[in-house]
Amino acid sequence: MKLEELTIKELKQGYKYDEINGVYKCNTCDLEFVDGEIYDIDGKLYEAKLAIKRHLLKKHERNFNYLLNLDSKYNNLTSNQKELLDYFYQGLSDKEIAKILNVTTSTIRHQRFMFKEKALKAKLYLAIYEQALLNKVKEKDELIPIHKGATMVDNRYVTINEEKEHIINTCFTSLDPLKLKEFPAREKKKIVILGEIIKLFKKDKEYLEKEVNEILKGVYDDFPLIRRYLIEYGFMDRKKDCSLYWVR
Ligand SMILES: [Zn+2]
């Protein structure tokens, strides 16, 4: 399990949902459940989201215990603290815990208070830390939204803004009018470039093939190649007989 890749919510629920690939992944054993597929668990059929929950219950008993006893340099709980937290988790009262541990009720109450203090310290620190360091990273590396007609939704559609800018600046010799240097081989570059070229077309307008060619000719000599990629990558659609084209 990689702590830095999981949010508090994901740590608590025991799995992570990867939206881009539509995959639920178990924090403990990395087992994956794919959205849209059906899983057979003990003779019953489950959709991915329910299947991962069944998996957690069946294979890892309590996610709480997994986190509590996680062998990590970030887990600095003593064994006494772990025992106490486990009792709290089970819903035992201060009085009941005091009896088990043979201490006074006020000792347990004090411990409960100390745990809360620790949590508040961690909370305030997180709020400060995330603003100081994480937000800045986020703005720069923001994910570019997947375009509407994406035929294959996968990692190739996710490009950070900085990278996108770099691709645009290096692949086009001119941006106004748009002139392509050469059609790149790398998938990621293709998507960024096609994303720019499609802006030359109006949405909600139907184009004759001749008109499409006319627009693309200005951008690149091998305009049939661009036309084909716009269709193949889901930026554009056309009638079966190629008589009309439109932006998806
Ligand atoms: Zn698992």
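This is a predicted model: local features need pLDDT of at least 70, side-chain atom pairs count only at pLDDT 80 or more; totals for chains, interfaces and linings use all residues.
Between β8 and β10 the antiparallel pairing extends over two bridges, and Tyr-207 has Tyr-245 in β10 as its bridge partner. In general terms, the strands of a sheet pair through backbone hydrogen bonds, and this pairing is either parallel or antiparallel.

Another open sheet of three strands has the order β1-β2-β3, again with antiparallel pairing. Here the edge strands are β1 (15–18) and β3 (32–34), each pairing on one side only, and neighbouring strands of the sheet are turned against each other by 20 degrees on average when direction is ignored. Strand β1 is joined by four bridges to β2, which spans residues 23–26, and these two strands run antiparallel; within this pairing, the bridge partner of Lys-16 is Lys-25 in β2. Helix α2, made of residues 48–60, lies across β1, β2 and β3 and runs at about 5 degrees to β2.

Of its 248 residues, 12% count as buried. Among the contacts in the chain with a separation of 6 or more, 40% are accounted for by residues 24 or more positions apart.

Helix α7 (residues 161–171) and helix α8 pack at an angle of about 75 degrees, and their axes are 10 Å apart. Since angles of 65 to 115 degrees count as roughly perpendicular, α7 and α8 are therefore roughly perpendicular to each other. On the side of α7 the contact is made by Lys-164, Ile-167, Ile-168 and Cys-171, and on the side of α8 by Lys-189, Val-192, Ile-193 and Glu-196. By class, the residues of this contact of α7 with α8 divide into five nonpolar, no polar and three charged.

Helix α8, which covers residues 187–197, also approaches helix α10 (residues 223–232), and the axes of these helices come within 11 Å and cross at roughly 100 degrees. Helices α8 and α10 are therefore roughly perpendicular to each other. In this contact, Lys-190, Leu-194 and Ile-197 of α8 meet Ile-226, Tyr-229 and Leu-230 of α10, and by class the contact of α8 with α10 has five nonpolar residues, no polar residues and one charged residue.

In soluble globular proteins, nonpolar side chains tend to be buried together. The largest nonpolar core of the model has 15 residues, of which Leu-230 and Met-236 touch the most other members. At least two residues of this core are supplied by each of α8, α9 (209–217), α10 and β10 (244–247), and the largest share, four residues, comes from α8. When its neighbours within four places in sequence are left aside, Met-236 is in contact with Ile-198, Leu-230, Ile-231, Tyr-245, Trp-246, Val-247 and Arg-248. A second, separate core has six residues, including Tyr-15, Phe-33, Ala-51 and Ile-52.

Several local features of the backbone can also be described. A cis peptide bond, with omega of about 5 degrees, joins Asp-176 and Pro-177, and Pro-177 lies in the loop between β6 (172–175) and β7 (178–180). Glu-61, which is located in the loop between α2 and α3 (63–68), has a phi near 50 degrees, a positive value in a residue other than glycine. Because a residue with 12 or fewer C-beta neighbours within 10 Å is taken as exposed, Glu-61, with 10 such neighbours, counts as exposed. A positive phi, of about 60 degrees, is also found at Asp-204, although Asp-204 is not a glycine. Asp-204 has its place in the loop between α8 and β8 and, with 6 C-beta neighbours inside 10 Å, counts as exposed.

How values were computed
Residues are numbered from 1 along each chain as its sequence is written. Axes are lines fitted to C-alpha atoms, for helices over the stretch in contact, and angles run from 0 to 180 degrees between N-to-C directions. Angles under 35 degrees count as roughly parallel, over 145 as roughly antiparallel, 65 to 115 as roughly perpendicular and the rest as oblique. Two residues are in contact if their C-beta atoms, placed from the backbone, lie within 7 Å. Ala, Val, Leu, Ile, Met, Phe, Trp, Tyr, Cys and Pro count as nonpolar, Asp, Glu, Lys and Arg as charged, and the others, Gly among them, as polar. A nonpolar core is a set of buried Ala, Val, Leu, Ile, Met, Phe, Trp, Tyr and Cys residues joined through C-beta atoms within 7 Å. A residue is buried if 20 or more other C-beta atoms lie within 10 Å of its own, exposed if 12 or fewer, and partly exposed in between; C-beta atoms are placed from the backbone. Two strands pair if DSSP finds at least two bridges between them.
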